[in-house]
Each structure stands twice: as structure tokens, then as C-alpha cells.
Amino acid sequence: MAATTDHGEEAAPKDRPRSPAPRRGRIATAVSVFGELLITAGVILGLFVGYSLWWTNVVADRAAGKQGDKVRDQWKGDSGPGALDTKNGIGFLHVPTMSGGEVLVEKSTDTKILNDGVAGYYTDPVKAALPTSGKDGNFSLAAHRDGHGAKFHNIDKIEKGDPIVFETKDDWYVYKVYDILPETSKYNVDVLDKVPEESGKKKAGKYITLTTCTPVYTSKYRYVVWGELERVDKVDADRTPPKELR
């Protein structure tokens with residue numbers, strides 16, 4: 001008969017041997033290691049996303065700001081109308097409903113150019129028509145939608161009838177949005193044509209086209225906004241912006 005306490009409960013024998021701790025099996029160890037690897041990968045991915053979507057914006061905005069200052073300083077130093085400086089920038093894009101800020105425009109849509117937080121005008125596969133030429137054509141531009149300044153991030157906020165203003169040393173070119181294509185193939189270069197028939201236009205005119213990647217955080221398709229020139233305002237001594245930007 002087993003020994004009992006004063007309360008009638010069975011007392012555990014002092015010499016009862018303890019069961020050895022079970023060994024972790026190979027599967028349990030593998031699962032643990034795999035879980036730790038997943039956590040590490042998640043942290044690395046999070047840091048990469050932070051770098052891509054935040055830090056690249058910071059760096060690009062700084063670069064674009066410095067370059068934009070150089071362009072404006074050059075404008076101040078010129079006593080009369082000068083040729084476009086396609087190396088440092090040709091002017092500034094203003095789209096109130098998209099950002100409210102100015103976007104420096106430079107030559108080329110190469111990734112190296114756009115990564116500096118600017119918009120670039122197309123030189124390939126279709127050559128953009130610069131508004132300063134005074135000729136009919138399509139002033140077609142591109143910029144990043146996420147990361148590297150994300151200057152066209154809010155392109156989906158633009159609506160028909162909204163103004164798009166391009167500022168040069170001597171003139172304000174005021175365009176009005178007349179059509180929008182929320183999604184098209186990234187290989188659809190017809191949207192950049194001199195006469196963008198896909199927007200409904202059949203005759204030559206002075207157009208502007210904004211393009212960027214869509215959906216956000218992908219580069220699968222392209223988002224397109226078309227505008228047509230309404231007027232050109234001369235820049236005064238105070239560089240007073242047109243009414244659309246006040």
C-alpha cells in the first residue's frame with residue numbers, strides 16, 4: 001500500500017526516477033530553422049521596401065531640388081531669351097490636382113534620368129515635340145509613380161478639364177486635360193504619336209501627354225493623360241504664375 005499524507009493524499013516516493021526530456025526531432029528542428037529564415041527574410045524585405053519607397057524618394061527629391069535651383073539660377077543670369085538647356089533641364093511641369101508642386105523636366109526617359117526625381121520628355125521610340133518650337137506635335141513626358149521621387153504618383157487624381165502648366169524661362173504653356181487612359185500596354189507607343197488618335201484627336205495640334213506605370217508599385221501597364229494647349233502667357237518680371245496655379 002502506498003504511503004499517504006495526513007490528509008489522505010498519496011505521497012510521491014522520494015526515489016521515483018524522473019523521465020528524461022524528449023529529444024527534438026529532425027523535423028521540429030528543420031521547422032524552427034525555416035521559421036527563423038522566414039523572419040529574417042521578412043525583415044530584409046521590409047528594409048528593401050522602405051528603401052525603395054521612402055529613401056529613394058528622399059534622395060531623388062534632393063537631387064531634383066538642386067538641379068532645379070541650377071536651372072532657375074541660369075534663367076536669372078540670362079539677359080534675354082535663351083535656348084533650352086537640355087542638359088540641366090528645360091522647364092518645370094505644374095499639375096495642381098496631381099501634386100501641387102513643380103516637376104523639373106529633362107531630356108530623355110531613361111531610368112537614370114527619371115531616378116533623379118524628374119520628368120523626362122521622350123526621345124525614343126517617338127520624339128517629343130517641345131512646346132517652345134511653336135510647331136504642332138505631342139509634348140510627351142514620363143516620370144516614376146513610386147520611388148525615386150514618385151512625381152506622377154497621384155496621376156489618377158487628374159480629371160478631364162484640369163490644367164497642366166509647363167513653365168519655361170520666358171513662357172507659361174497652359175494645357176487643358178481632355179482625355180485619360182487609365183490602363184494600356186507598356187508597348188503601346190501610339191499614345192505618344194504627334195496626333196494621338198487613341199485620345200480621339202484626328203488633326204494636328206499642340207498636345208501634351210503624361211505617362212507612368214500602373215497599377216501603383218508595378219510596371220505592368222501604363223497610365224496616360226492627354227492635354228491640349230489653350231494659350232501661352234508671357235513670363236513677367238515677377239514670374240507671376242497663371243491663374244490656374246494661384
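Figure 1. On a 1 Å grid over the protein atoms alone, a pocket is an open set of points with protein on both sides within 12 Å along at least five of seven lines, and a cavity is a set of points where a 1.4 Å probe fits but cannot get out. Lining residues have an atom within 4 Å of a point. Grid points are joined across faces, edges and corners, and a volume is the space filled by probe spheres set on the points. The structure shown is a predicted model, in which local features need pLDDT of at least 70 and side-chain atom pairs count only at pLDDT 80 or more, while totals for chains, interfaces and linings use all residues. Residues are numbered from 1 along each chain as its sequence is written, and side-chain values use heavy atoms, with hydrogens and water left out. Here, the largest pocket holds about 540 Å³ of space. Look for Leu-114, Tyr-122, Ala-142, Cys-213 and Arg-222, the closest to its centre among the 27 residues that line the pocket. Two or more lining residues come from each of α2 (111-114), β6 (171-185), β7 (206-214) and β8 (221-234); these labels number DSSP runs from the N terminus, with helices being H or I of at least four residues and strands E of at least two. The top contributor is β7, with three residues. By class, the pocket lining has eleven nonpolar, eleven polar and five charged residues (nonpolar: Ala, Val, Leu, Ile, Met, Phe, Trp, Tyr, Cys and Pro; charged: Asp, Glu, Lys and Arg; polar: the others, Gly among them).

Figure 2. Rolling a probe the size of a water molecule over the atoms shows where empty space is left. How many cavities of 30 Å³ or more are there? The count comes to one, and the largest cavity has a volume of about 70 Å³. Its lining includes Pro-131, Phe-139, Tyr-173, Tyr-207 and Leu-229. The elements β4 (137-142), β6 and β7 each give two or more residues to this lining, and β4 gives the most, with three. Eight of the lining residues are nonpolar, two are polar and two are charged.

Figure 3. Arg-72 lies in helix α1 and Glu-102 in strand β2 (residues 102-107), so the bridge ties together parts that are 30 residues apart in sequence. Is Glu-102 buried, partly exposed or exposed? Glu-102 counts as partly exposed, because its relative accessibility is 40% (buried means under 20% relative accessible area, exposed over 50%, partly exposed in between, with a 1.4 Å probe and protein chains only).

**Figure 4. A salt bridge with a buried partner.** Glu-167 and Arg-239 form a salt bridge, with their closest N and O atoms 3.0 Å apart. Since Glu-167 lies in strand β5 (residues 163-167) and Arg-239 in the segment after β8, the pair ties together parts that are 72 residues apart in sequence. Glu-167 is buried, at 2% relative accessibility, whereas Arg-239 is partly exposed, at 25%. Arg-72, Glu-102, Glu-167 and Arg-239 are linked in a network of salt bridges.

Terms used: A salt bridge is a side-chain nitrogen of Lys or Arg within 4 Å of a carboxyl oxygen of Asp or Glu.
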